[in-house]
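Me: Please show me the model. I would like to go through some of the terms used for it and see what each rests on.

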There are 2 protein chains.
Amino acid sequence: MLSTMQRRPLTVTTLLHHGATVHGRSEAVTWTEGGARRLTYAGTVARATRLAAALRGLGIDGDQRVATLMWNNQEHLEAYLAVPAMGAVLHPLNLRLPRGQLCHIARHADDRIVLVDESLLPLLTPLLPELPGIRHVIVVGGAQPPEPLPGVATHMYEELLREAPEKFDWPDPDEDSAAAMCYTSGTTGDPQGVVYSHRSVFLHSMQVCMPDALSLDDSVRALAVVPMFHAMAWGLPYAALMSGASLLLPGPHLQAAPLAEFIAAERPGTAAAVPTVWGSLLAHLDAYGGDVSSLQEVLVGGAACPSALMTGFEERHGVRVIAAWGMTETSPLGTVARAPHHAGDPGDALRYRSTAGRPPAAVELRLTNENGDVLPHDGATVGELEVRGPWITGSYHLTGAPEKFRDGWLRTGDLGTITPDGFVTLTDRAKDVIKSGGEWISSVDLENHLTAHPAVREAAVIGVPDERWDERPLAVIVWAEHTQHSGASAGFADLRTHLSDRVARWQLPERWTTLKTLPMTSVGKLDKKELRRRYAAGELDVSEVSGATAV
Amino acid sequence: MLSTMQRRPLTVTTLLHHGATVHGRSEAVTWTEGGARRLTYAGTVARATRLAAALRGLGIDGDQRVATLMWNNQEHLEAYLAVPAMGAVLHPLNLRLPRGQLCHIARHADDRIVLVDESLLPLLTPLLPELPGIRHVIVVGGAQPPEPLPGVATHMYEELLREAPEKFDWPDPDEDSAAAMCYTSGTTGDPQGVVYSHRSVFLHSMQVCMPDALSLDDSVRALAVVPMFHAMAWGLPYAALMSGASLLLPGPHLQAAPLAEFIAAERPGTAAAVPTVWGSLLAHLDAYGGDVSSLQEVLVGGAACPSALMTGFEERHGVRVIAAWGMTETSPLGTVARAPHHAGDPGDALRYRSTAGRPPAAVELRLTNENGDVLPHDGATVGELEVRGPWITGSYHLTGAPEKFRDGWLRTGDLGTITPDGFVTLTDRAKDVIKSGGEWISSVDLENHLTAHPAVREAAVIGVPDERWDERPLAVIVWAEHTQHSGASAGFADLRTHLSDRVARWQLPERWTTLKTLPMTSVGKLDKKELRRRYAAGELDVSEVSGATAV
């Protein structure tokens, strides 16, 4: 028997029309040095319509790629809407990538046009000779027309919009066609391209709006600190047009002081960023104060959420921190760590909230061992986390990378456990786990215990070669500012004692070092590859702090 | 360029697995004369698994139809999950339909097995001789095996489950395959079959959970008064498994007194029913009191929500009434009337909430005139409401009925206006509009004004033939219990004066009558077809109340 349902596609085009009408009075707010710029979604879509017409006029046709090199701002939102809705493919470039990777990615995606913030032109200009596919550069902001660039036509964004027709004949795209793409941050090799479909964007937006995710409706003001060049800003721009939540965009003002100012002025109820941003903001609020009373909760993802961050925000500033897990490959919403209804006392709830969370209905998770056997969800058995669902990637652009998939499931490279009710605890990246004498040591576990110590601001633990045990943990400590020591070794000894109450004796690191800051990747994740390189190159000043030896 | 996303289908099977694990500790609660029966979703899915195995054992294969003739209860929920998840098609039969229609529907759907509440066996038994396709009857509840029925094998539900294997090899259905079907209530002709797909059920469930719809997560207890045999209980059973909201099922106890008792005992935070149910409950609460303090809001749909119901619940019992509009053909969620963020004072908010609401992102609405021209959304122009979207029907089972569709849009038969921000106001059913002297009179408008009068409990207005004006309105009044008159005519004259302050003079009815109760259809909608029949047959005692004549 046949279903009688209409075969309407799920598309960004539908989102754009919905946002322009039903939520036409909600607004995007961009923070600038001079204060807030604001525009309604009706106005935003009117400008996106002119942008689509202008891009068509510059030759963008079919599913050609339109790249952006932009901060989170009004014009970036316009590109987020116009490019997929016109049938083309949006490709936000990560402005923090090294030059070589940026060139590789733009060539690999076959980008034809770049929209660039005027302040980021110095980043783009030297790359252009290596990017012959790019024929047009559209400069956003800036009062003067840019200097002519070799080999490309340059345009001023506002001028282009002014001259474009105000109507555009929006297509009705197939839901499986490409809407946008992002590259992974490439911590383990060349960046890989993930191509989102209209369907995946629409479904993911619905999930972002759900009460068990960000709970967005038109009464919410949502601050997107997470960059629009990183995993599609976790879907917030599209979810905002879907739900009517107003969208607060910080531009390049991502430091704690201007962020605190933006929050006090524009009063978001929710916000999303990686832990390092929230860590800086928390330190700023603790030191200088600030009005974050509008914030009911903040979403933390992209890296494990230190428990000190969670408790610090809640106890001292009344802001609930919600952890989430995802990847560029998962659109990115994979799990959200809200306490379940059946959690008992506050301690029980906090234990649930300190996990990586549980998946929504459309996302399926499983654990496998190195042989590919599927492991039980008993909250104890550790395996590699695999993911399946309609907004999870099933391959990579052009490269495919079949070794990253198993029977249609994405292999995340994360190790962890799953409880019977779906809560995931990540114990490590598969490549970061420390293999000591046939046993595994979780670097994440040691890091969590170390950062909970008041003398520690940040901590990283990596496996380093050891003759007897194959690998042993090296603890890399960034001391809290106020910490005074009679010598680093004394501090390390204190930390080792602190750990000895919390982990098995054979897991205690005997190698310790300190740094002013930890190396980070382009998307703000701890860069363990760089730490391993520095150790191998002898660049770290390592102390041996023994107590008893391992095992 | 190809999207790299996985092609995972959206299915009821996924919902079942999700509910059993992530929300395994949420519960279904069925109200009985002896109090609450409760079972977790883990337990519910375990029983649904045995049910699927048992149905397979009875020969159900492929997309064969499994009918239910049941109240809202635990076992009906098990059938809601097991039947679609095993790849078969669930067909809830409306137990309030006349015998002839029930037979027509069961034959038209080609039902093979019926699950029937023991208390409803007397309804089913006389139909069986006319339903040769039905080979098995499964009786739910009842201590004794039923009397043998001619031509069918009878089974006891619990016995069947006890003997069934506890494992079932769930398929991975195509998302476009049929999952369930419902027939329209057939107020204007033969009932028509609407066949929902796995995709439409899944997407609709997501929408039901959204903050701008019912806002469901695992902290919510949701009371489904709306019958599971009517428009799939507005999607609540599936949305409950998706979100982890616990589901409260009243069984046959739909009268105000047991409902009030159920609410006081099981403390739902939200609830869904047609206006007549809420009207009775409100009258009961006003008369006898009752603890509805757990209820934050109730969803009203299936018919226009009288404003007296809205204000009565809010002002006297602190329960917010949210109106919604939909049809069997729309799964049914079409619009929800929450006040937008930009609403000004409470009066402004109430004006928005008194509309039929605005659509979610996946549902598109438009207005057309009789020539098929698309009309502006200016809040003033009246046209026929047409709907498009992934959970809207595009035809009817076997009959097709192309006259109900235009360019892929469903013609709803409702007349109304749409504001620029998407709020729909329904002025009438196309067939109920009163055409008087070339002008249209909205029966809904007159009914709203009449029910706002304290002497009126219910009111209906129909068009009746008139020599001079083609049609004129006839007002049918059900007086409030406490109303005392010096004669009905005096009461009608008061109402006519009341109306004269509110509508144009040529719209004032001069024909009036009174009834003890209004005729209702099988799904609790005002049955204007029956009123028109009674008028034509001279069964109504009509008073002429003139004042001046029309125009």
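Reply: Accessible areas come from the Shrake-Rupley method with a 1.4 Å probe, and for residues only the protein chains shown count as cover. On that basis chain A exposes about 20500 Å², and carbon and sulfur atoms supply 50% of it. This is a predicted model, where local features need pLDDT of at least 70 and side-chain atom pairs count only at pLDDT 80 or more, while totals for chains, interfaces and linings use all residues. Residues are numbered from 1 along each chain as its sequence is written, chains are lettered from A and ligands numbered from 1 in the order in which they are written, and side-chain values use heavy atoms, with hydrogens and water left out.

Me: How do you know whether the radius of gyration of chain A agrees with that of a compact globule?

Reply: The radius is taken over C-alpha atoms, and the globule rule is 2.2 Å times the number of residues to the power 0.38. For 551 residues the rule gives a value near 24 Å; chain A has 24 Å, so the two agree. The C-alpha atoms of chain A fill a box of roughly 75 × 65 × 45 Å along the principal axes.

Me: What makes up the count of helices and strands in chain A?

Reply: Both are DSSP runs numbered from the N terminus: helices are H or I with at least four residues, strands are E with at least two. Chain A has 15 helices and 27 strands.

Me: Why is B:Phe202 called buried?

Reply: Buried means under 20% relative accessible area, exposed over 50%, and partly exposed in between (1.4 Å probe, protein chains only). B:Phe202 has 1%, so the residue is buried. B:Phe202 sits in helix 7 (residues 198–209) of chain B.

Me: Which residues is B:Phe202 in contact with, leaving aside its neighbours within four places in sequence?

Reply: Contact means heavy atoms within 4.5 Å. In chain A the partners are A:Ala361 and A:Ala362; in chain B they are B:Leu10, B:Thr11, B:Thr14, B:Leu15 and B:Met242. B:Leu15 is 187 residues from B:Phe202 along the chain, with their C-alpha atoms 7.8 Å apart.

Me: How many residues of chain A are in contact with chain B, and what area is buried between the two chains?

Reply: 72 residues of chain A are in contact with 72 residues of chain B. Buried area is the accessible area (1.4 Å probe) that two parts lose on being put together, summed over both. For chain A and chain B that comes to about 5600 Å², with 57% given by carbon and sulfur atoms. In chain A, the most area is lost by A:Met1, A:Met5 and A:Gln6, together 16% of what that side buries.

Me: Why is A:Asp110 called partly exposed, and why is A:Ala401 called buried?

Reply: A:Asp110 has 31% relative accessibility, so the residue counts as partly exposed. A:Ala401 has 5% and therefore counts as buried.

Me: What makes the phi of A:Asp110 worth a remark?

Reply: Most residues other than glycine have a negative phi, and most peptide bonds are trans. A:Asp110, not a glycine, has a positive phi near 60°, and lies in the loop between helix 4 (99–109) and strand 5 (111–117) of chain A. A:Ala401 also has a positive phi, about 55°.

Me: Which peptide bond ending at A:Pro332 is cis?

Reply: The bond from A:Ser331 to A:Pro332 is cis, with omega near 10°. In chain B, the bond from B:Ser331 to B:Pro332 is cis, with omega near 10°.
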